[in-house]
Amino acid sequence: MGNGLAIAGLICGIASCLSGVTAVFLPSVTVVLFLASIAAIILGGVAMSKSKKLFGAASGISIGALVTGIIGLCVGLLFSLPVAACSCVCTGACGNCGLCGLYNCVKDAAADFANDIDVDSNIIDQFFNM
């Protein structure tokens with residue numbers, strides 16, 4: 001009996017773990033990898049259910065698909081949400097990439113947070129100018 005669903009889920013899960021790496025550089029690929037993590041969770045769950053019905057226990061590949069899908073989903077959310085929430089990513093100071101815009105956006109957010117909790121803004125400037 002083949003375990004194609006589990007293998008497909010594992011492939012989607014492993015691919016989805018790359019979503020954090022691609023969040024800054026390739027936002028459109030990040031969306032596809034985010035969807036791959038959801039597919040990995042679904043395929044891993046279905047494969048686990050079928051395996052339990054047929055053999056009485058879940059296969060290692062289906063568990064791996066489920067775990068990598070969940071990790072990919074968490075990594076994708078962890079890296080994609082700040083990038084998506086920061087509207088200045090696309091307009092970097094260098095004009096070639098969004099990294100400068102992301103850096104400035106994170107710096108501004110840290111300064112705003114420091115002001116909210118009454119921390120001296122010079123500390124934030126020193127941290128970002130190391």
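**Helices, burial and confidence in a predicted model**

Of the 130 residues of the protein, 26% count as buried, where buried means under 20% relative accessible area, exposed over 50% and partly exposed in between, with a 1.4 Å probe and protein chains only. This is a predicted model, in which local features need pLDDT of at least 70, side-chain atom pairs count only at pLDDT 80 or more, and totals for chains, interfaces and linings use all residues. Residues are numbered from 1 along each chain as its sequence is written, and side-chain values use heavy atoms, with hydrogens and water left out.

Q: What pattern does the protein follow along the sequence?
A: Helices (H or I, at least four residues) and strands (E, at least two) are DSSP runs, numbered from the N terminus. The protein has 6 helices and 0 strands. Read along the sequence, the pattern is α-α-α-α-α-α.

Q: Which helix has the highest mean pLDDT among the elements of the protein?
A: pLDDT is the predictor's confidence in each residue, from 0 to 100. The protein averages 74, and 58% of the residues score at least 70. Among its elements, helix α6 (residues 121–128) has the lowest mean, 62, while the highest, 90, belongs to helix α1 (residues 4–16).

Q: How far apart are the end C-alpha atoms of α1?
A: The expected span of a helix is 1.5 Å times one less than its number of residues. For the 13 residues of α1 this gives 18 Å, and the model agrees. The end C-alpha atoms of α1 are 18 Å apart.

Q: Within what arc do the buried residues of α1 fall?
A: The buried residues of α1 are A6, G9, G13 and S16. Seen down the axis of α1, they line one face of the helix, because their directions fall within a limited arc, taken from the helix axis to the C-beta atoms. I11 and I14, on the other side of α1, are exposed. The arc of the buried residues is 90°.

Q: Is S62 buried or exposed?
A: S62 lies in helix α4. Not counting residues up to four places away in sequence, S62 touches A6, G44, A47 and M48. At 0% relative accessibility, S62 counts as buried.

Q: What is the relative accessible area of G60?
A: G60 is found in helix α4. In sequence G60 is 12 residues from M48, and the two are 8.8 Å apart in space, C-alpha to C-alpha. G60 is exposed, with a relative accessible area of 55%.

Q: Which residues is S59 in contact with, leaving aside its neighbours within four places in sequence?
A: S59 has its place in the loop between α3 (27–55) and α4. S59 and G44 are 15 residues apart in sequence and 9.7 Å apart in space, C-alpha to C-alpha. Beyond its neighbours within four places in sequence, S59 is in contact with A6 and S51.

Q: How far apart in space are L73 and G13?
A: L73 is in helix α4 (residues 60–85) and counts as partly exposed at 23% relative accessibility. Leaving aside neighbours within four places in sequence, the contacts of L73 are F34, S37, I38 and I41. L73 and G13 are 60 residues apart in sequence, and their C-alpha to C-alpha distance is 8.8 Å.

Q: How many disulfides does the structure hold?
A: A disulfide is a pair of cysteine sulfur atoms within 2.5 Å. The closest cysteine sulfur to that of C17 is in C74, at 9.7 Å, which is too far for a bond. C17 is partly exposed, with a relative accessible area of 28%. The number of disulfides is 0.

Notes:
Contact = heavy atoms within 4.5 Å.
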